[in-house]
Each structure stands twice: as structure tokens, then as C-alpha cells.
Amino acid sequence: MNIKEASIETGVSCQMIRFYEKKGIISPKRNPKNNYRNYTFNDLYIIVLTKQYNNLGMDLETISNFLKDTHSSKAYENIDNFIIEMEKQIKLINSRIEFAKDTRRIFKFINDKNKIDIIKRNKMYFIPKTKLPLEKYSQLFVVEGYGRAVNRIKLEKLNSIKIPIDRGLLLDIKPFNEKIYYEEYSNIIIFRNFINIPNFESVTMNDIKNFENTVDFNGYKIIDDIFLFLVSKINNEKNSYSIVCIEAIVKKV
């Protein structure tokens with residue numbers, strides 16, 4: 001069987017098959033008449049097996065050594081790392097799905113005249129910006145994409161004259177990097193209110209007090225931190241304003 005036939009049989013490109021040979025994974029015999037490579041069914045099985053192992057996160061050098069009955073522990077480690085990475089990706093995808101659902105929910109409620117939303121969360125994590133190098137903060141927020149940029153007001157600072165800002169990321173999954181500092185909130189009720197203001201920086205303690213009154217009026221009490229984040233910036237011929245979400249951890253009273 002020539003290389004084109006082997007490629008068709010296995011679904012692996014001719015170039016990759018040659019690369020497998022270069023790595024010593026397969027050693028097809030040569031046709032004595034024309035010196036062309038002659039691939040056997042055994043070669044085909046090894047090509048397919050190599051492709052499968054490679055798809056499981058094993059590098060070609062490890063596969064080559066493993067097929068020579070050496071470094072089986074390295075092969076185990078490769079696959080173990082692959083599983084860990086895939087599980088991380090599943091968590092990230094699920095987090096992005098939940099983030100998308102939450103954003104869809106926000107868009108629904110900002111069109112509601114009441115502009116009030118109440119949700120329950122099992123877990124929530126806050127990473128203060130001051131606890132992260134700027135490049136890592138950007139990576140978490142922009143590259144990995146599973147955080148919402150927020151301003152936080154600690155509960156004990158609700159009586160401040162000026163709005164006390166603690167910038168950071170709000171996540172619904174625990175940071176994968178165990179060295180990253182975070183604060184955890186568990187089994188919480190979130191009360192949300194959406195306000196229209198000139199710009200995000202113009203939120204005042206008076207807005208927060210109005211929010212607190214709205215929470216009280218609806219039969220809840222703020223029992224933990226408050227978070228603010230920008231939902232949208234409207235800018236057209238008639239209007240120019242920011243839609244800001246104010247949310248707090250509350251309990252029913």
C-alpha cells in the first residue's frame with residue numbers, strides 16, 4: 001500500500017504520515033523494485049493509534065517512546081494533564097454559557113419598567129484588582145473571559161460620604177490558579193436594580209442610598225457587599241446615558 005492509499009485509509013494526511021515516520025513511530029518497509037514505501041495494515045493501525053493518542057494530548061515524542069515500551073509514566077502524565085485541561089475548558093464553557101444567559105436576562109430586565117431583578121447563586125468569587133498584576137487581570141478578564149469587571153462597595157462603607165470604589169472581577173467559578181487571591185460568597189440572593197446616569201463614573205452615594213431604599217421597599221435587606229457594573233452606553237441623537245447595574249447580596253425580611 002502506497003502513502004496515498006494509507007492516507008485515504010487512515011484519514012491522516014501524507015505529510016503527517018511522513019512526520020510519524022521521521023519521529024520513528026512507524027517504519028514502513030521499502031519495495032525492493034522501486035524503493036517506494038510499502039505500508040502494511042499494521043502500519044495503518046499504528047498511524048490511527050498515534051492520531052488518537054495525539055488527540056488525547058500526548059506529544060509525538062512521548063507516543064514514540066511509549067510504542068517502544070519506554071516512558072509509559074510520561075504517557076500517563078500527558079493524558080492526565082489533558083484531562084485536567086479539558087475539564088478546565090468545560091468549566092470555562094459552562095461559565096461562558098451562564099454569563100451569556102445572565103446577560104440575556106439583564107437585557108430583558110432593563111426593558112422592564114420596574115428594572116428590578118432578584119436571583120439566587122450558589123457561589124460567587126471576587127478578585128480585587130489590587131491583588132493582581134495588570135497583565136494577569138487583563139488575561140483573566142479579556143483572554144479567559146469568565147469575569148465581569150465591577151466596582152465593589154463593602155457593606156461597612158455604606159455610610160460613606162463619597163462612593164468608596166474597590167475595582168475587580170466578579171466570577172461565578174473559582175479561579176483555576178490557586179495562587180490568585182479571591183473572596184468567596186456562598187448561597188446568596190442577589191437584588192438588582194438598573195439605573196440610567198450620564199456615565200459610569202457618575203454613580204454617587206445618593207444613587208446607592210436610593211438603591212438601598214428600593215431594596216427595603218421590596219421586602220429585602222442588604223446584608224453584604226454591593227457591586228456595580230456597566231451594562232450599556234446609549235449614545236444617539238436624542239439621548240446619551242449609561243445603563244448601570246447595581247446589585248447587592250440581600251436577605252428576605
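Let me start with a term: a residue is buried under 20% relative accessible area, exposed over 50%, and partly exposed in between, with a 1.4 Å probe and protein chains only. By that rule valine 12 is buried, because its relative accessible area is 5%.

What you have here is a predicted model, in which local features need pLDDT of at least 70 and side-chain atom pairs count only at pLDDT 80 or more, while totals for chains, interfaces and linings use all residues. Residues are numbered from 1 along each chain as its sequence is written, and side-chain values use heavy atoms, with hydrogens and water left out.

Back to valine 12. It sits in the loop between α1 (3-10) and α2 (14-22); helices (H or I, at least four residues) and strands (E, at least two) are DSSP runs, numbered from the N terminus. If residues up to four places away in sequence are not counted, valine 12 touches Ser7, Ile17, Tyr20, Ile47 and Lys51, where contact means heavy atoms within 4.5 Å. Valine 12 and arginine 167 are 155 residues apart in sequence, and their C-alpha atoms are 50 Å apart in space.

Now the chain as a whole. Its secondary structure comes to seven helices and eight strands. The radius of gyration is 28 Å, whereas a compact globule of 253 residues would be near 18 Å; the radius is taken over C-alpha atoms, and the globule rule is 2.2 Å times the number of residues to the power 0.38. The C-alpha trace spans about 90 × 45 × 30 Å along its principal axes. Of the 253 residues, 38% count as buried. Take the contacts between residues at least 6 apart in sequence: 67% of these join residues at least 24 apart.

Next, the barrel. Six strands close it in the order β3-β5-β4-β7-β8-β6, with antiparallel pairing; two strands pair if DSSP finds at least two bridges between them. The twist from one strand to the next averages 45°, with axes as lines fitted to C-alpha atoms, for helices over the stretch in contact, and angles from 0 to 180 degrees between N-to-C directions.

Which strands does β5 bridge to? Strand β5 is joined antiparallel to β3 by four bridges, and to β4 by six, again antiparallel. Phenylalanine 126 has leucine 170 in β5 as its bridge partner. Arginine 152 has aspartate 166 as its partner in β5, and it also stands opposite phenylalanine 227 in β7. Strand β4 (residues 147-153) and strand β7 (residues 220-235) run antiparallel and are joined by three bridges. Five of the six residues of β5 (residues 166-171) are buried, so this strand is largely enclosed by the rest of the structure.

Last, the cysteines. Cysteine 14 counts as partly exposed, because its relative accessibility is 23%.
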